[in-house]
Amino acid sequence: MTEGYQVKEYKQPVKRYCQTMDLKDNPQLIAEYRRRHSEPEAWKEILNGIRSVGILEMEIYILGNRLFMIVETPLNFDWNTAMKQLATLPRQQEWEDYMAMFQQCREGATSDEKWQMMERMFFLY
């Protein structure tokens, strides 16, 4: 982890969204949540849907039961429009319900309702 993570380069400027969510504080549930997000387990329809609404990259980091997600998009990306579209895609709500047992969220919540947008308070440019 101290080596850092390579960041994809784009041939265009991008903007970044950062969000957070808490999982239920249960090591067995957290281990299963991680497994379901592994490459062989993540549903291809969900990954394709994320890309289809214009998201270029999505990363999720974990510390204990706290999740931190980074989403990179083109500059003309409209978050609200994309999240409304994402919620209507095939199997998206099924995926959200499949993940909800691990998350501190209300039953039937969409991805946009679960993940809380974070405010950037510092940057070094």
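Which element gives the largest share of the lining of the second largest pocket? Here are some notes to read beside the model.

1. A word on the basis: this is a predicted model, in which local features need pLDDT of at least 70, side-chain atom pairs count only at pLDDT 80 or more, and totals for chains, interfaces and linings use all residues. Residues are numbered from 1 along each chain as its sequence is written, and side-chain values use heavy atoms, with hydrogens and water left out.

2. To the opening question: β1 supplies three residues, the largest share of that lining. Strands and helices here are DSSP runs (E, at least two residues, for strands; H or I, at least four, for helices), numbered from the N terminus. The second largest pocket holds about 220 Å³, and its lining consists of V14, R16, C18, E72, M118, E119, R120 and Y125. A pocket is an open set of points on a 1 Å grid over the protein atoms alone, where a 1.4 Å probe fits, with protein on both sides within 12 Å along at least five of seven lines; lining residues have an atom within 4 Å of a point. A volume is the space filled by probe spheres set on the points, which are joined across faces, edges and corners.

3. The largest pocket has a volume of about 860 Å³. Of its 34 lining residues, H37, L47, I50, M58 and I60 are the closest to the centre. β2 gives the most to this lining, with six residues.

4. I50 turns up again in helix α2 (residues 44-52), where I46, G49 and I50 are buried (under 20% relative accessible area with a 1.4 Å probe, protein chains only). Seen down the axis of α2, these buried residues fall within an arc of 100°, so they line one face of the helix; the arc is that of the directions from the helix axis to the C-beta atoms. They pack against β2 (57-63), α3 (79-88) and α4 (92-100). After α2 comes G54, with a positive phi near 110°.

5. The largest nonpolar core has 22 residues, and Y33 and I55 have the most contacts inside it. Such a core is a set of buried Ala, Val, Leu, Ile, Met, Phe, Trp, Tyr and Cys residues joined through side-chain atoms within 4.5 Å. α3 gives the largest share, four residues. Leaving aside neighbours within four places in sequence, I55 is in contact (heavy atoms within 4.5 Å) with I50, V71, E72, T73, F77 and M83.

6. Do look at R36 in helix α1 (residues 27-36). R36 is buried, with a relative accessible area of 11%.

Key
Buried < 20%, exposed > 50% of the residue type's maximum accessible area, 1.4 Å probe, protein only.
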